[in-house]
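Could we go through this protein together, one question at a time?

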Amino acid sequence: MDSFEYNPNPGRVVFGSGTLQKLPEEIARLQVNSPLVLSTPQQISQAENVKDVLQGQVAGIFSEATMHTPTHITDKALEYAKAQGADSVISIGGGSTIGLGKAISIRTGLPHICIPTTYAGSEMTPILGETANGLKQTRSDPKILPGTVIYDVDLTMTLPAAMSATSGVNAIAHAVEALYARNTNPIITMMAIEGTRALASALPEIVENPSSQSARSKALYGAWLCGTCLGSVGMSIHHKLCHTLGGSFNLPHAETHTAVLPHAISYNAPNIPEAMKKLADALPDSNGDAIHGLNVLLTKLKVKRGLKDFGMKEEDIDKAADIAVSNPYWNPRAIERAPIRELIRRVWVGEPAN
Ligand code: NAD
């Protein structure tokens with residue numbers, strides 16, 4: 001066996017149905033009693049629900065979380081937290097709300113309880129992306145990792161089918177890149193395979209029947225494992241491309257991951273035969289071919305596959321290629337501009353990968 005290093009991230013996980021009701025115990029465990037509850041404007045009723053579960057014992061609700069964690073929103077939330085005497089933060093929502101929770105927690109040292117309602121996986125990572133003056137910058141610090149995560153499948157039932165599909169593929173992307181990460185290890189590989197398998201079987205079921213609790217539960221379990229992969233090992237060309245495209249052309253996060261993933265894998269395929277085999281084994285209907293398996297999955301999920309459908313302009317392809325090849329992340333295949341430009345062109349059109 002090859003040598004490896006393994007750094008488990010020390011977060012506490014409470015998983016199940018109705019687990020939101022365990023929040024008072026978790027608050028008591030942390031010896032805090034005045035949490036600030038964070039949400040987006042769209043999820044304010046779930047934030048109110050948190051307040052009810054805590055019998056009104058909260059510092060307040062701040063419901064202005066938004067994509068890309070802009071620092072002016074963080075500043076506003078910090079002022080509110082201070083004025084209300086908050087001693088902890090609870091983020092209920094997707095990656096955007098969890099990002100705000102991380103931004104507050106790293107600035108103040110307040111403990112952070114996450115209640116994720118999408119499959120993006122931010123709750124499992126020590127990574128924070130923030131936007132100031134139109135520029136998104138990412139940093140990693142063990143102190144950014146939320147201390148407690150409550151996964152309650154009941155809170156994911158309202159995630160629309162289309163968003164569930166792309167958010168789930170976003171999670172699979174973390175697992176895929178973990179399979180060929182330079183610093184991967186056998187534990188993360190197991191989680192990547194198990195997470196992909198769970199999501200690939202649950203997501204088509206959710207698209208067909210969004211109220212299936214068993215499928216939702218399996219997807220959330222998969223998302224936890226895939227998020228752990230993201231938080232534990234390095235990511236490569238796929239995440240670099242999505243970061244570039246999302247950040248520079250304001251494209252939606254999960255949808256961009258979904259459109260790019262088969263093409264990113266196809267780019268790396270010649271250099272990662274073992275990872276391709278593991279991925280093929282984890283995808284139903286792959287017939288031993290991971291890209292075919294992924295194409296079948298995306299067809300079942302009825303997702304849009306062209307970035308032009310999300311407003312990216314054809315003339316942005318060259319700009320995107322330039323940014324993608326500058327300061328590249330480590331990747332198993334050398335990053336060359338011509339094939340990367342062709343990859344982005346194909347994603348822009350929405351051609352299936354091969
Ligand atoms: P999001 O948090 O932006 O949520 C999208 C929309 O869906 C929001 O309006 C939200 O309120 C709504 N929503 C969420 N859950 C819902 C539910 N159960 N029912 C109904 N509506 C619901 O989307 P996301 O994809 O979870 O997160 C994307 C952001 O997270 C990006 O900014 C990305 O960069 C960041 N992210 C960061 C990390 C990290 O490790 N730092 C990891 C993954 C994603």
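This is a predicted model: local features need pLDDT of at least 70, side-chain atom pairs count only at pLDDT 80 or more; totals for chains, interfaces and linings use all residues.

Me: How are α12 and α13 oriented to each other: oblique or roughly antiparallel?
Reply: Helices and strands here are DSSP runs numbered from the N terminus (H or I over at least four residues for helices, E over at least two for strands). The axes of α12 (residues 316–325) and α13 (residues 337–349) come within 9 Å and cross at roughly 130 degrees; axes are lines fitted to C-alpha atoms, for helices over the stretch in contact, and angles between N-to-C directions run from 0 to 180 degrees. Under 35 degrees counts as roughly parallel, over 145 as roughly antiparallel, 65 to 115 as roughly perpendicular, and the rest as oblique. That makes α12 and α13 oblique.

Me: How many charged residues are in the contact of α12 with α13?
Reply: Contact means heavy atoms within 4.5 Å. On the α12 side we find I317, D318, A320, A321, D322, A324 and V325, which meet R337, I340, R341, I344, R345 and W348 of α13. Counting Ala, Val, Leu, Ile, Met, Phe, Trp, Tyr, Cys and Pro as nonpolar, Asp, Glu, Lys and Arg as charged, and the others, Gly among them, as polar, the contact has eight nonpolar residues, no polar ones, and charged residues numbering five.

Me: Is the crossing of α8 and α12 left-handed or right-handed?
Reply: The axes of α8 (residues 237–249) and α12 come within 10 Å and cross at roughly 130 degrees, so the two helices are oblique to each other. A crossing is left-handed if the near helix is turned anticlockwise from the far one by less than a right angle, and right-handed if clockwise. For α8 and α12 the crossing is right-handed.

Me: How do the residues in the contact of α8 with α12 divide by class?
Reply: From α8 come K240, L241, T244, L245, S248 and F249, and these meet D316, K319, A320, I323 and A324 of α12. They divide into six nonpolar, two polar and three charged.

Me: And how does α9 lie against α13: oblique or roughly antiparallel?
Reply: The axes of α9 (residues 253–268) and α13 come within 9 Å, crossing at roughly 150 degrees. The crossing is right-handed. At that angle, α9 and α13 are therefore roughly antiparallel.

Me: How many polar residues does the contact of α9 with α13 have?
Reply: Here A259, V260, H263, A264 and Y267 of α9 meet P339, I340, L343, R346 and V347 of α13. The contact has eight nonpolar residues and one charged, while the polar residues number one.

Me: Is N327 buried or exposed?
Reply: N327 lies in the loop between α12 and α13. Its phi is positive, about 40 degrees, although N327 is not a glycine. With a relative accessibility of 67%, N327 is exposed.

Me: How far apart in space are V149 and E26?
Reply: V149 is in strand β8 (residues 148–152) and is buried, at 1% relative accessible area. Leaving out residues up to four places away in sequence, V149 touches R12, V13, V14, C114, P116, E123 and M124. V149 and E26 are 123 residues apart in sequence, and their C-alpha to C-alpha distance is 9.6 Å.

Definitions and conventions:
Residues are numbered from 1 along each chain as its sequence is written. Side-chain values use heavy atoms; hydrogens and water are left out. Buried means under 20% relative accessible area, exposed over 50%, partly exposed in between (1.4 Å probe, protein chains only).
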